[in-house]
Amino acid sequence: MKKWKQALALVLALVMALSLVALPSFAADEDSTGTGTAQPEWPAEGSINLSKKAQPVEGQDGLYELTLTIQGKNYKTTSDVVLVIDNSNSMYTKKQYDSYPYDYYYVEDSSCRMYATKLAAKAFAGKLLDGESETRIALSVYGTDSRWTTEFYNKDSKASLISKIESIAPETDSANGGTNQQAGIHAAQQLLSSAASTGKQKNIVILSDGQPTYSYRLTGTATGTCTKFIVWNHNSDYEENTLAITGCDYTRVGDGTADNGNDGKARLTLTCSHGETKQKDVYIEHSVATIWEANQAKAAGTTIFSV
């Protein structure tokens, strides 16, 4: 439990960090004639307050010291956050059937990781969706695949979000209880990229207990020398330093048990020195695909936190 108390503390620290985010701006709106600019009146959002004070300089006739004070008011910003929650079997307590000693099921109790995760998620929502908050929060829950996502909830619908967090439950089919973190991130970014997301700032917060055991198949290119050139053996080998990941076809790969470098896959288009090309699947770690997915979200302007 100590580890998860630390995780809870980290989440609450993120709460404080996100709640203080503001978007400074001194941009002025055009006035009604379209020929100039009209500043908002102080202390309205986006307004600037200039004041000056003149103080005569002692012993210097006609010489004054001027003090200029400039104040600015930030525009309020809006922020959309997606909590990406790991719902794999390892987040729960494993139980054994009395009548079927080789079969297991999973339950939530106060000792499991999901219990602590829900506490952290509810504390996160309680802090951000409060007062005059312009933040909205949605959920992306995943196991072997993306299980479900929600709409965005604001301060007025906080109770509905809390209810959704409470509804997260173990999979009844243990085959669906793997860890496909890439799927959770992908679903979250799809939500943030959709018309449903209106926040100026986009954020993903990942709550997970460990390494991925599933991912999606990446695609890419590589080149080889065909040192054993025969008609049917073009491109059987490639040079590692030429491998370039260019995309993902979102075909799930893995067996749900490990991230040992022999379970994830990338489908490469190999080109040899003779100009011949062919497709070849190579093994990679699931974490490579997960990191690739996170980088796609970052490139789209999303900030990602991981606990």
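**Entry 1. Overall content**

How many helices and strands does the secondary structure of the protein come to? I counted five helices and 15 strands. I note at the outset that the model is predicted. Of the 307 residues in the protein, 37% are buried. I then looked at contacts between residues at least 6 apart in sequence, and 68% of these join residues at least 24 apart.

**Entry 2. The sheet**

I traced an open sheet of five strands, ordered S9-S8-S5-S10-S15, with mixed pairing. Strands S9 (146-149) and S15 (302-306) stand at the edges; each has a single partner strand, so one side of each is left without a neighbour in the sheet. On average, neighbouring strands of this sheet are turned by 20 degrees against each other, direction ignored.

I next examined how S8 (residues 135-142) is joined to S9: the two run antiparallel and share three bridges. Ser-140 has Thr-149 of S9 as its bridge partner.

**Entry 3. Helices on the sheet**

Which strands does helix H2 touch? I found that H2 (residues 113-128) packs on the sheet against S5 (79-86), S8 and S10 (201-207). The direction of H2 makes about 175 degrees with that of S5. Helix H5 (residues 286-299) also packs on the sheet, where it touches S10 and S15. The angle between the directions of H5 and S15 is about 140 degrees.

**Entry 4. Two positions in S8**

I looked up Ser-140, which lies in strand S8. Ser-140 is buried, with a relative accessible area of 0%. A polar atom of its side chain lies 2.9 Å from the backbone oxygen of Gly-184. Setting aside residues up to four places away in sequence, I listed the residues that Ser-140 touches, among them Val-82, Val-84, Trp-148, Thr-149, Gly-184 and Ala-188.

Is Arg-136 buried or exposed? Arg-136, also placed in strand S8, has a relative accessible area of 19% and is therefore buried, the cut-off being under 20%. The backbone oxygen of Ala-196 is 2.8 Å from a polar atom of the Arg-136 side chain. Beyond its neighbours within four places in sequence, Arg-136 is in contact with residues including Ser-79, Asp-80, Phe-152, Tyr-153, Ala-196 and Gly-199.

**Entry 5. Nonpolar cores**

I inspected the largest nonpolar core, which has 22 residues. Leu-83, Ile-85, Met-114, Phe-124, Ile-137, Leu-139 and Leu-161 touch the most other members. Two or more residues of this core come from each of S5, H2, S8, helix H3 (158-167) and S10. H2 provides the largest share, five residues. Apart from this core I noted another, of 13 residues, including Phe-152, Ala-188, Ile-204 and Ala-297.

I checked the length of H2: its 16 residues should span 22 Å at 1.5 Å a residue, and the end C-alpha atoms are 23 Å apart, which agrees. Among the buried residues of H2 are Met-114, Lys-118, Ala-121, Phe-124 and Leu-128.

Helix H4 (residues 181-192) reaches 17 Å from its first C-alpha to its last, close to the expected 16 Å. How many of the twelve residues of H4 are buried? I found eleven, and H4 is thus recorded as mostly covered. The buried residues of H4 include Gln-181, Gly-184, His-186, Ala-187, Ala-188 and Leu-192. Gly-184 is also the residue whose backbone oxygen lies 2.9 Å from a polar side-chain atom of Ser-140.

Conventions:
Residues are numbered from 1 along each chain as its sequence is written. This is a predicted model: local features need pLDDT of at least 70, side-chain atom pairs count only at pLDDT 80 or more; totals for chains, interfaces and linings use all residues. Side-chain values use heavy atoms; hydrogens and water are left out. Two strands pair if DSSP finds at least two bridges between them. Helices (H or I, at least four residues) and strands (E, at least two) are DSSP runs, numbered from the N terminus. Axes are lines fitted to C-alpha atoms, for helices over the stretch in contact, and angles run from 0 to 180 degrees between N-to-C directions. Contact means heavy atoms within 4.5 Å. Buried means under 20% relative accessible area, exposed over 50%, partly exposed in between (1.4 Å probe, protein chains only). A polar contact is a pair of N or O atoms within 3.5 Å; within protein, one must be able to donate a hydrogen and the other to accept it, and residues adjacent in sequence count only if both atoms are side-chain atoms. A nonpolar core is a set of buried Ala, Val, Leu, Ile, Met, Phe, Trp, Tyr and Cys residues joined through side-chain atoms within 4.5 Å. The expected span of a helix is 1.5 Å times one less than its number of residues.
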